[in-house]
Amino acid sequence: MSSQKEFEPLNICVLTVSDTRSLETDTSGQKLQDLLTTAGHHLYERDLVIDDIYQIRAVISKWIADKQAQVILITGGTGFAGRDSTTEAVVPLFDKTVVGFGELFRQVSYEEIGTSTIQSRATAGLANRTLIFCLPGSTGACVTAWQKIIVEQLDSRHKPCNFVGQLRIQ
């Protein structure tokens, strides 16, 4: 009898927050979609909204309430520019904050962009057993976050722990 866990594909939503991109020009959201499907997960829904607290919350709240959505990847709106409001929109919805995510993301980003990483307000948390990652809008930052942190934490086989057991069962 094998004790090896099997891979559990997850339903993942991708939201791009941008005042300038469309779904056709959204390289970061497309890259996240490509990465998650290559890893064996399912793109559940994808959307794009302008950088507005209430529009962000409306989409995220819908997905948090949807029993089929298990993970939400948000790209954009995590910097310090005047309209960057993803962090303010999403953090109040968290039941629990994944404190180490932002710290680890800035640490691995330092190797690529140096001290500019200090301006990232990347964060993560759980809301209604839905895991939410708030990532910068750059495609490179999305790839870094996915490859160096997120992909393992969404893999039910990753030891000693991963987030799959904390998510809603489909």
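A search of the whole structure, a predicted model, finds 2 aromatic pairs. Ring pairs link F101, F105 and F133 into a cluster. The largest pocket has a volume of about 330 Å³.

**Aromatic pairs**
- F101 and F105 make a stacked pair, with 6.2 Å centre to centre and 25° between the planes.
- Both F101 and F105 belong to helix α4. They are 4 residues apart, about one turn of the helix.
- F101 also pairs with F133, and this pair is edge-to-face. The rings are 5.0 Å centre to centre, with 65° between the planes.
- The F101–F133 pair links distant parts of the chain. F101 is in helix α4, F133 is in strand β6 (residues 130-135), and 32 residues separate them.

**Burial of the cluster**
- F101 has a relative accessible area of 4%, so it counts as buried.
- F105 is buried because its relative accessibility is 2%.
- F133 is buried too, with a relative accessible area of 2%.

**Charge over a ring**
- R121 places its charged end over the ring of F80, 5.5 Å from the ring centre.

**Largest pocket**
- The lining of the largest pocket comprises 25 residues. T78, G79, P136, G137 and S138 lie nearest the pocket centre.
- By class, the lining residues are 5 nonpolar, 15 polar and 5 charged.
- Helices α4 (99-113) and α5 (139-153) each supply at least two lining residues.
- α4 gives the largest share of the lining, 4 residues. Helix α4 also holds F101 and F105.

Note on methods. Residues are numbered from 1 along each chain as its sequence is written. This is a predicted model: local features need pLDDT of at least 70, side-chain atom pairs count only at pLDDT 80 or more; totals for chains, interfaces and linings use all residues. Side-chain values use heavy atoms; hydrogens and water are left out. On a 1 Å grid over the protein atoms alone, a cavity is a set of points where a 1.4 Å probe fits but cannot get out, and a pocket is an open set with protein on both sides within 12 Å along at least five of seven lines; lining residues have an atom within 4 Å of a point. Grid points are joined across faces, edges and corners, and a volume is the space filled by probe spheres set on the points. Ala, Val, Leu, Ile, Met, Phe, Trp, Tyr, Cys and Pro count as nonpolar, Asp, Glu, Lys and Arg as charged, and the others, Gly among them, as polar. Rings of Phe, Tyr and Trp (its six-membered ring) pair if their centres lie within 6.5 Å; planes under 30 degrees apart count as stacked, over 60 as edge-to-face and the rest as tilted. Buried means under 20% relative accessible area, exposed over 50%, partly exposed in between (1.4 Å probe, protein chains only). A charge sits over a ring if NZ of Lys or CZ of Arg is within 6 Å of the ring centre and within 35 degrees of the ring normal.
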